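Take a look at how two neighbouring elements of this model pack together. The account below starts with their orientation and then turns to a single residue.

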Amino acid sequence: MDTVDTRIRLSALWLFILLNIIFRDIHQFVLKSHLEMLLTGTYNGVVITEELMLFGAIIVQVPIGMVLLSVLLCRRHGRPVTFVAAPLAAAGMVSNVPTDMDDVFHLVVQLGAIAAILWTAWRWRENPSAETQAPAE
């Protein structure tokens, strides 16, 4: 019944998270208050520094890298990397407390995808051919 390879499923879930992150960020640009905060160099009272920008780049690199690593790594290496990356990504998501309803919505969706990633990695079978084999007739 389950015909999608685990590595592809994990990669798709990481990509789903990335698209939510990107859309949420772009979505904010229609708000005047958001643009005003960006122009002042502070966001929700936090001064935007080069160090903070570097931290953000590192945090978002986790799901970006996992899109690729999920496909490239075998189960032996992919599972432990996923079990490290998923909590790191979740920590990055909750490190910036949502300020409005759409941000909360995106956070809940992203954390749901993190849960699906962890569940998928937990259930990742040893034999990859067993995942895509059709039942014998």
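**A helix pair**

In this predicted model, helix 4 and helix 5 run roughly antiparallel to each other. Their axes cross at roughly 170° and come within 10 Å. Helix 4 covers residues 75–94, and helix 5 covers residues 101–122. Angles over 145 degrees count as roughly antiparallel, so the pair falls into that class. The crossing of helix 4 and helix 5 is left-handed.

Which residues make the contact? Helix 4 contributes Arg79, Thr82, Phe83, Ala86, Ala89, Ala90, Met93 and Val94. From helix 5 come Leu107, Gln110, Leu111, Ile114, Ile117, Leu118, Ala121 and Trp122. By class, the contact of helix 4 with helix 5 holds 13 nonpolar residues, two polar and one charged.

Now follow helix 4 itself. Helix 4 has 20 residues. From first C-alpha to last it reaches 28 Å, close to the 28 Å expected at 1.5 Å a residue. Its buried residues are Gly78, Arg79, Thr82, Ala85, Ala86, Ala89, Ala90, Gly92 and Met93. What do they pack against? Their partners are helix 1 (6–28), helix 3 (50–72) and helix 5.

Is Thr82 buried or exposed? Thr82 counts as buried because its relative accessibility is 1%, and the cut-off for buried is under 20%. Leaving aside residues up to four places away in sequence, Thr82 touches Leu10, Met66, Pro87, Ile117, Leu118 and Ala121. Among these, Ile117, Leu118 and Ala121 also belong to the helix 5 side of the contact.

Conventions
Residues numbered from 1 in each chain as written. Predicted model: local features only at pLDDT ≥ 70, side-chain atom pairs only at ≥ 80, totals over all residues. Heavy atoms only, no water. Axes fitted to C-alpha atoms, helices over the stretch in contact; angles between N-to-C directions. Helix = DSSP H or I, 4+ residues; strand = E, 2+ residues; numbered from the N terminus. Parallel < 35°, antiparallel > 145°, perpendicular 65-115°, else oblique. Left-handed = near helix turned anticlockwise from the far one by under 90°. Contact = heavy atoms within 4.5 Å. Nonpolar A, V, L, I, M, F, W, Y, C, P; charged D, E, K, R; others polar. Buried < 20%, exposed > 50% of the residue type's maximum accessible area, 1.4 Å probe, protein only. Expected span 1.5 Å × (residues − 1).
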